[in-house]
Amino acid sequence: MIGSGPEAGQIGVGAWSPAFDAITPSPILIGVLESLQKTNNTLPPQRNMSSLQRSAALQGHFRKFIDGSHILHLHQVVDAYGHLSFRHPFRPDTFVMSLNIAPAQVSSPEDLIAYKVEDAEPVQENTLPGFAERRIHSEIYKRHPEVNAVVHSHSEAVVPYTISGVPLRAVSHMCGFLGPDGLPVFDAADHMQKDDHPDLLVRTEAMGAALAKHFDDGNKVTLMRGHGFTVVADRIELAVMRAVYTQKNAGIQTTALMLQGVTGTTGGGGVKGLSREECAGSDQTTRWSMMRPWNLWVREVEVNNLLILRQRFLVMPPTRKQGNDDLSIQLLDPGTLLHPGSVILGHIIRKSEIAAPLATVSVRFLGRAKAKLAVSDGDNGMIYYRSRFNLWSDSAVVDVVHEGPVDVSPGDGNSQSWPFTLELPTHTDAGLVNASEEDSARKACFLRPPGAAEAAAGVPAQPLPGTFYYDHSGSSKHWQGFVEYWIQAELVEHGKRSKVVQAALPVRVSPPPSPAPPISDLRLMTRKVAGSVSSQRLMPGMETAELSFRHKTLRLFGSSKVPTFHYTLHVQYPTVFQLGSMSTIPLLVHVTPNKEKTSDVIENVTRTVSLKFAGLELRTTTSVICPDKPEPYLASKTQKFPLSQISDFLRPVEGTVVLPCGPNEEPLDLGAVMGVQVDARGRFTSAPRHRLSCSTTNPTVLPSFTTYCVKVEHALYWEVQISVAGELWRGQGNQEILLLPPCEDASGSAAFPPPAYEEPPADVESSDLAMVFEGGFGLIATSASSD
């Protein structure tokens, strides 16, 4: 099912293929998972692999498939036509190809489709179109269980050998796999049936089976008359290498034949190829060394502009909207703000023709938190880590809206609809999220009970978190984390062969607002920073005097003859603040002299402490956590958001800002002077005079947020620079601050409704943009990498 893992409620990776479950609603991801769920009684020997090992293996196949497709294009083995496939590593009755697109356009698992070896039909019905010649692959996999990868090419260098009668055989030491006797040639005309289309394409099972027989004698390459060639191997890298070197061998042999034609020589018997023994020896050597050219080719395609989109492979997008005339979801009021406990009203609609004597129409509400980490292994590869928490079971929030016949006659305007009602949970299901068998998965969770150090303590339930998405790419790490909710509709036609049609609609759930009234206790924390300045200007009457060389030298060497003023800077700042508060973020500052340490000569002199600079900055850290052994793998990214500043350097202050200086003085609220506020949508504003000139938009942040595998934390950073008798001194500090959601109004909803839901961008490079949104609070900011 779309967006549901193979084992409902499992923490961490999926039961069989977490990589498939990572990106929805890709046909391969949906189809293979459903196939595996239905056939768990025939698991292959690899079932003893851990879920993390299976995840790494599948991710490795995906990456190799994408790399291989681009390598074949780079070497002009394929162009807009031609294709690569691989047998599923855990399901030998399933193989994988791309959509019907050029190999160089393959860029993520979303471009892949899983097929059944038995009949070359998609594992999942209603998939996007695939290749017409996929039976080349299915029939080879069916007849030859040792084959795990197939390449089909229309190479112009090879086609002449399919029509000229000149045998293509191994003439280069890199091509021993071609053999010494000349490759067999498959002629589609010999296997045409009455209804076959005469275009030389292998469209039917019978024609595919005839081609597959050409590999019976251990042959690795078969030529196809007027068409191209097909290569088989036991792994993707070897199949790609053989395809590349088949074309190279053809070019070498053609050049040799041309030389003979030009010179009129035959070299004592024509072009001399490899002997049978040489073929066997060179084939063994090239198999042993095949990773050398593979790693080189991967590096070459990485700098090819066509491969820029391959970074999408590392992205784990949330569930996308899915629906058509076969089935769609329509909300009664799409603009309704959803919170935990809200009720969703809508209709399931069928518009296309159907005549089902018995069918079931159901709708369910689903939610999950997910994280994915891709970390460079230092050798042109990536290591993948995953975490998944289903927030409740698939059957927890379900409405079966119809059981019986479904009949929609053809014609415009004909349709059938069924109303539904879904009530959102208020909390996650603690029992479900603790159902994982792996302690490492339970341990990789931010929601640990206080004081609990072991995974056995279990993971607690929590109030339903809001919708959230974050994506970060760096030089050595790529990671995403999200919380998503969606409605999934399903129409099942019952009969000898059940048919299932699905639709999906993502919805945004906002976190519950804070209860009214707004908080008044900001839990101010005081920090005391000791400081001092030394200068002859501290002497009465010398405040603006020009210091002599002697005075400067005495100060440089810390002479006791230079008067020193000691003081303590007191700074008070909040540790909690609420979005939508009508007050400014306080930053209370005052100075108290330290007479005990101050030089006697100036001990009783009244001091004027002027402000030269003050700044506030919010630092937001987004973290994800994934299971690993022995300890979880954690990744985080901190973004800095300057809020406001007072600067007498960049913009002279109208009338010097003088800080209170004395033990009984009331502090000055610099936050009020700067006018720093945050509205209910997380947007910061400040007084126009103190707004940062470099900011084109007001920074926008989320409330503090923690769920199973994702966490957002905030820290308030402040800096104050003061002047005493013309001498400068700077103090700074930071403190974690809890940002609360806005409080509810009298009606029980958020005082300020959040903006409309916005899906994460599908075609934006993750290395250029980091997108975050949670409930109604959004953030878009350039993400500079430091890893």
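Residues are classed as buried under 20% relative accessible area, exposed over 50% and partly exposed in between (1.4 Å probe, protein chains only). The structure is a predicted model in which local features need pLDDT of at least 70 and side-chain atom pairs count only at pLDDT 80 or more, while totals for chains, interfaces and linings use all residues. Residues are numbered from 1 along each chain as its sequence is written, and side-chain values use heavy atoms, with hydrogens and water left out.

The protein chain contains 13 helices and 32 strands, assigned as DSSP runs (helices H or I, at least four residues; strands E, at least two) and numbered from the N terminus. Of its 787 residues, 54% are buried.

The structure holds 19 salt bridges, each defined as a side-chain nitrogen of Lys or Arg within 4 Å of a carboxyl oxygen of Asp or Glu. In helix H4 (residues 134-143), Lys 142 and Glu 139 lie three residues apart, about one turn of the helix, and their side chains form a salt bridge at 3.1 Å, N to O. Lys 142 is partly exposed because its relative accessibility is 36%, whereas Glu 139, at 6%, is buried.

A salt bridge of 3.9 Å, N to O, joins Asp 283 and Arg 242. This pair links distant parts of the chain, 41 residues apart, with Asp 283 in helix H8 (residues 276-288) and Arg 242 in helix H7 (residues 236-263). Asp 283 counts as buried at 18% relative accessibility, and Arg 242 is buried at 2%. Lys 64, Arg 235 and Glu 237 are linked in a network of salt bridges.
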